[in-house]
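Please look over the sequence and the model first, and then follow the topics below.

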Amino acid sequence: MRPEDIPIVRNLPLFADMDDQRFDELVEAALLQTFPPQVDLIREGDPADFLYVLVEGAVELYAGHNGRETTMAVIEPTSAFILAAVLNDAVFLMSARTFLPSRIMMIPNEHIRRCFAEDRAFAAAVAAELSKAYRQLVKQHKEIKLRLAAERLANYLLRQSQARGDPTHFKLPAGKGTIAALLGMTPENLSRAFGALSAHGVRVRGGNIHIDDRALLAEFAKPTPLIDAVEEIYERRGVKSIGP
């Protein structure tokens, strides 16, 4: 790693409080690389040789079976992904590819497991990262099981708007096929859901969303923090962890 990259990595929530000597050992073993979009990083079924930490950009986690493929999550910085497989020295259950130009740190799994066993602060940060991911997964399951398709889409649009500072006009962060998979829909169901939301203050033009009446949309969506709040379990040195 370049010397100028070290403070950036040190400030990430996963590493902020760990012992200096342990951190130096991780840095010595780690690689920090920049990737263009649509680069395959890992494939499901392969052994988890590295922990991946997304520093900049976005990464799509996806899975396939019997000729079908679906998006499982799109993660944003700063997030470690496939952490559970690394700790268990297991195979990947999902594949990953860059969604945007991304800077990613890769740390050999044996270094992660050793630090987890020997550094209490790092172990606590790992536990927080895993619990955050678990709670977000529960929320995603609740949304799919408890909301109709149009309700899922309405709340997704409200979350996207809120993440951008509540504008009434914004561009979708991904293609409609990816969004349909994230929301547990087919592309056809997504199109019908967009059509249904026209009666609740939403207009769509290609990938551009116009929310003409936020209150009307919220009345239909009925957002709740027990499903819609992004897990932000802890902050370290001003950096938030906002993974899936």
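E44 lies in the loop between β2 (40-42) and β3, where strands (E, at least two residues) and helices (H or I, at least four) are DSSP runs numbered from the N terminus. The model is a predicted one, in which local features need pLDDT of at least 70 and side-chain atom pairs count only at pLDDT 80 or more, while totals for chains, interfaces and linings use all residues. Residues are numbered from 1 along each chain as its sequence is written, and side-chain values use heavy atoms, with hydrogens and water left out.

**Around E44**
- E44 is partly exposed, with a relative accessible area of 31%; buried means under 20%, exposed over 50% and partly exposed in between, with a 1.4 Å probe and protein chains only.
- Although E44 and V91 are 47 residues apart in sequence, their C-alpha atoms are 7.1 Å apart in space.
- Leaving aside neighbours within four places in sequence, E44 is in contact with Y62, A63, G64, F92, L93, M94 and S95, contact being heavy atoms within 4.5 Å.
- The side chain of E44 also reaches the backbone nitrogen of G64 at 2.7 Å.

**Nonpolar cores**
- The largest nonpolar core has 40 residues, of which F15, L41, V59 and F81 touch the most other members; such a core is a set of buried Ala, Val, Leu, Ile, Met, Phe, Trp, Tyr and Cys residues joined through side-chain atoms within 4.5 Å.
- Strand β3 (residues 50-56) gives the most to this core, with 5 residues.
- A second, separate core of 24 residues includes F170, L172, F194 and I211.

**Helix α5**
- Helix α5 (residues 120-146) has 27 residues and reaches 38 Å from its first C-alpha to its last, close to the 39 Å expected at 1.5 Å a residue, a span taken as 1.5 Å times one less than the number of residues.
- Among the buried residues of α5 are F122, A125, E129 and K132, and what covers the buried residues of this helix includes α4 (109-118) and α6 (149-163).

**Packing of α6 and α8**
- α6 and helix α8 (residues 187-197) pack at an angle of about 75 degrees, with their axes 9 Å apart.
- That angle makes α6 roughly perpendicular to α8, a description that applies from 65 to 115 degrees.
- In this packing, A149, A150, L153, A154 and L157 of α6 meet L190, A193, F194, A196 and L197 of α8.

Note on methods. Axes fitted to C-alpha atoms, helices over the stretch in contact; angles between N-to-C directions. Parallel < 35°, antiparallel > 145°, perpendicular 65-115°, else oblique. Polar contact = N/O pair within 3.5 Å; in protein donor to acceptor, adjacent residues only side chain to side chain.
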